[in-house]
Each structure stands twice: as C-alpha cells, then as structure tokens.
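Have a look at the structure first, and then we'll take it piece by piece.

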Amino acid sequence: MTMGIKINNMVKFYTLCLLSAGQKHGYDLMKELEERLERKISSSNIYPFLNALRKNSLIKFDKIGKRDKKTYYLTAEGKRFTKVMFTKFGDLIDIAIAPKITTCPCGCKIYSGGHTEKIRGRVMKFCCLHCAKEYYKSS
C-alpha cells in the first residue's frame with residue numbers, strides 16, 4: 001500500500017474518517033476536527049497531511065466558488081487505503097473491548113446494558129429479560 005503515509009495520530013485518522021464521509025473544504029475539516037477532538041486544530045495540523053495524501057494519489061481536490069476554495073475528496077486508491085486503516089483501527093478496538101464483552105446463553109454478545117439476573121446463587125448477564133426467563137426454565 002502507500003508507504004509515504006503514516007497514520008500516527010488522531011488528527012490524521014479523523015481526517016480520513018471525515019473524508020470518507022464525503023468531500024470537504026480544508027476549513028470545514030479543521031472545524032469538524034476541533035469539534036470531535038475537543039481541541040484547537042491549526043492549519044499546520046491539517047494542510048501538510050492533505051498535501052501528503054494528494055502527493056500519494058489518495059485525495060484530489062476541486063476548486064469551487066469565486067475564491068477557488070479547495071474541496072478535497074478521496075480517490076479510489078484513497079478509499080482502499082482508508083478501508084485498510086479502518087480495519088486496523090477496528091482490530092485495536094476489538095482488543096480493547098474484548099475483555100468487557102460477555103455472552104448471553106442465547107449467543108448474543110453484550111458490551112453494556114443487558115439484563116442481570118441471579119439464578120441459583122450465581123449472577124448471570126443476559127441480553128434481555130426473555131433470555132433470562134428461558135435460561136431459568138431450561139436449567
């Protein structure tokens with residue numbers, strides 16, 4: 001894949017996320033990044049990365065309006081690259097949340113919520129009250 005691009009911080013990762021949702025102006029990217037990351041984002045955080053993406057043929061831009069504002073969008077190669085990055089990030093999320101997931105006797109995976117029931121002195125977690133009742137009947 002593209003060797004010149006490293007996604008080593010949340011600004012870069014979120015930039016890819018935002019571009020995967022559709023085309024964006026550089027200023028709009030900065031404002032959305034500020035909102036999502038809850039910190040100030042400067043042009044020096046975003047434009048060098050956009051330039052690197054462009055040099056690696058992962059994005060293109062169109063000039064729009066009287067002021068020729070650049071609207072950035074992912075190329076086909078950029079979409080493939082982004083998909084790979086999302087898969088890698090998804091793998092990290094799986095590792096982080098796997099210890100927190102329980103399995104209902106019906107097979108459903110439960111991250112949070114669900115229904116907790118004490119059955120024969122043992123606290124068990126179920127996806128819903130129905131599964132708890134069914135488990136109680138069958139055991």
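T116 sits in strand β6, which covers residues 115-119. Helices and strands here are DSSP runs, numbered from the N terminus, with at least four residues (H or I) for a helix and at least two (E) for a strand. Keep in mind that this is a predicted model, where local features need pLDDT of at least 70, side-chain atom pairs count only at pLDDT 80 or more, and totals for chains, interfaces and linings use all residues. Residues are numbered from 1 along each chain as its sequence is written, and side-chain values use heavy atoms, with hydrogens and water left out.

Back to T116: its relative accessibility is 49%, so it counts as partly exposed. The cut-offs are simple: buried is under 20% relative accessible area, exposed is over 50%, and partly exposed is in between (1.4 Å probe, protein chains only). If you skip the neighbours within four places in sequence, T116 is in contact with V123, M124 and K125, where contact means heavy atoms within 4.5 Å.

K79 lies in helix α4 (residues 76-97), and F89 is ten residues from K79 in sequence and 15 Å away in space, C-alpha to C-alpha. K79 counts as exposed because its relative accessibility is 55%.

Next, the cysteines. How many disulfides does the structure hold? The count is zero, taking a disulfide as a pair of cysteine sulfur atoms within 2.5 Å. For C108, the closest cysteine sulfur is the one in C106, at 3.4 Å, so the two are too far apart for a bond. C127 has a like story: the closest cysteine sulfur belongs to C131 and is 3.5 Å away, too far for a bond. C108 is partly exposed at 35% relative accessibility, and C127 is partly exposed with 27%.

Charged pairs are another thing to look for. A search of the whole structure turns up four salt bridges, each being a side-chain nitrogen of Lys or Arg within 4 Å of a carboxyl oxygen of Asp or Glu. Here are some of them:

| Salt bridge | N to O distance |
|---|---|
| E32 and K24 | 2.9 Å |
| E34 and K31 | 3.1 Å |
| K40 and E34 | 3.3 Å |

E34 and K31 are three residues apart in helix α2 (residues 26-37), which means about one helical turn separates them. E34 is buried, with 15% relative accessible area, while K31 is partly exposed with 31%. K40 is exposed, at 62% relative accessibility. Shared partners join the salt bridges of K31, E34 and K40 into one network.

The axes of α1 (residues 10-21) and α3 (residues 43-55) come within 11 Å and cross at roughly 65°. These axes are lines fitted to C-alpha atoms, for helices over the stretch in contact, and the angles run from 0 to 180 degrees between N-to-C directions. The crossing is right-handed, that is, the near helix is turned clockwise from the far one by less than a right angle. On the α1 side the contact is made by V11, K12, T15, L16 and L19, and on the α3 side by N45, I46, F49, L50 and L53. These contact residues divide into seven nonpolar, two polar and one charged. Nonpolar covers Ala, Val, Leu, Ile, Met, Phe, Trp, Tyr, Cys and Pro, charged covers Asp, Glu, Lys and Arg, and the others, Gly among them, are polar.

Finally, a look at the backbone. Most residues other than glycine have a negative phi. E38, though not a glycine, has a positive phi of about 55°. You'll find E38 in the loop between α2 and α3, where E38 is exposed with a relative accessible area of 70%. D68 also has a positive phi, near 55°, and is a residue other than glycine. D68 belongs to the loop between β2 (59-64) and β3 (69-74), and D68 is partly exposed at 43%.
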